[in-house]
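Subject: Structure for you to look at

Hello,

Here is the structure I said I would pass on. Please open it first, then read my notes below alongside it.

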Amino acid sequence: PSDVNFTTTAIDANAGDTFKFTGLADATIASILNGVEGKTITIYGTDTADVELTIADVANNINVASTAILPDAVSYVKLTLVDGVWMETSRSITA
């Protein structure tokens, strides 16, 4: 699947595998919808100046090792759906 650009705080995992934030203001992912067990998605930040995307724990939905703040379009977090929860499997943050 092609890259999915998004501006909202909810991601539909059925839309693709790679999600690129294109919002114009700081945002925090509130939920990841759908997906199938074992699917891995990658969420990238944006190169828009002074805009950060945050990925933090969301009860029964997202579990990260620690809050991830993505300051640019090459920074990412990979998440895999395990037992109905999106678990962090890797990250790369350049800043």
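Of the 95 residues in the chain, 40% count as buried. Please keep in mind that this is a predicted model.

Overall make-up

The chain has 11 strands and 0 helices. Reading along the sequence therefore gives the pattern β-β-β-β-β-β-β-β-β-β-β. Along the principal axes, the C-alpha atoms fill a box of roughly 35 × 30 × 20 Å. How does the radius of gyration agree with that of a compact globule? For 95 residues, such a globule would have a value near 12 Å, and the chain has 12 Å, so the two agree.

On contacts, take the pairs of residues that are at least 6 apart in sequence: 47% of these contacts join residues at least 24 apart.

Asn61 sits in the loop between β7 (53–55) and β8 (62–63). Is Asn61 buried or exposed? Its relative accessible area is 13%, and because the limit for buried is under 20%, Asn61 counts as buried. The side chain of Asn61 reaches the backbone nitrogen of Ile32, at 2.8 Å. Leaving aside residues up to four places away in sequence, Asn61 touches Ala30, Ser31, Ile32, Val85 and Trp86.

Asn60 is also in the loop between β7 and β8. Here the relative accessibility is 71%, so Asn60 counts as exposed. Asn60 has a positive phi, near 60°, and is a residue other than glycine.

Asn34

Another positive phi is found at Asn34, where the angle is about 65° although the residue is not a glycine. Asn34 belongs to the loop between β5 (31–33) and β6 (40–44).

Thr54

Thr54 is part of strand β7. With a relative accessibility of 16%, Thr54 counts as buried. What does Thr54 touch, not counting residues up to four places away in sequence? The list is Ala27, Thr28, Ile29, Thr67, Ala68 and Ile69.

Asp50

Asp50 is in the loop between β6 and β7. Its relative accessibility is 77%, and because exposed means over 50%, Asp50 counts as exposed. Asp50 and Thr9 are 41 residues apart along the chain, and their C-alpha atoms are separated by 18 Å.

- Asn61, buried at 13%, in the loop between β7 and β8.
- Asn60, exposed at 71%, in the loop between β7 and β8.
- Thr54, buried at 16%, in strand β7.
- Asp50, exposed at 77%, in the loop between β6 and β7.

Regards

Conventions:
Residues are numbered from 1 along each chain as its sequence is written. This is a predicted model: local features need pLDDT of at least 70, side-chain atom pairs count only at pLDDT 80 or more; totals for chains, interfaces and linings use all residues. Side-chain values use heavy atoms; hydrogens and water are left out. Helices (H or I, at least four residues) and strands (E, at least two) are DSSP runs, numbered from the N terminus. Buried means under 20% relative accessible area, exposed over 50%, partly exposed in between (1.4 Å probe, protein chains only). A polar contact is a pair of N or O atoms within 3.5 Å; within protein, one must be able to donate a hydrogen and the other to accept it, and residues adjacent in sequence count only if both atoms are side-chain atoms. Contact means heavy atoms within 4.5 Å. The radius of gyration is taken over C-alpha atoms; the globule rule is 2.2 Å times the number of residues to the power 0.38.
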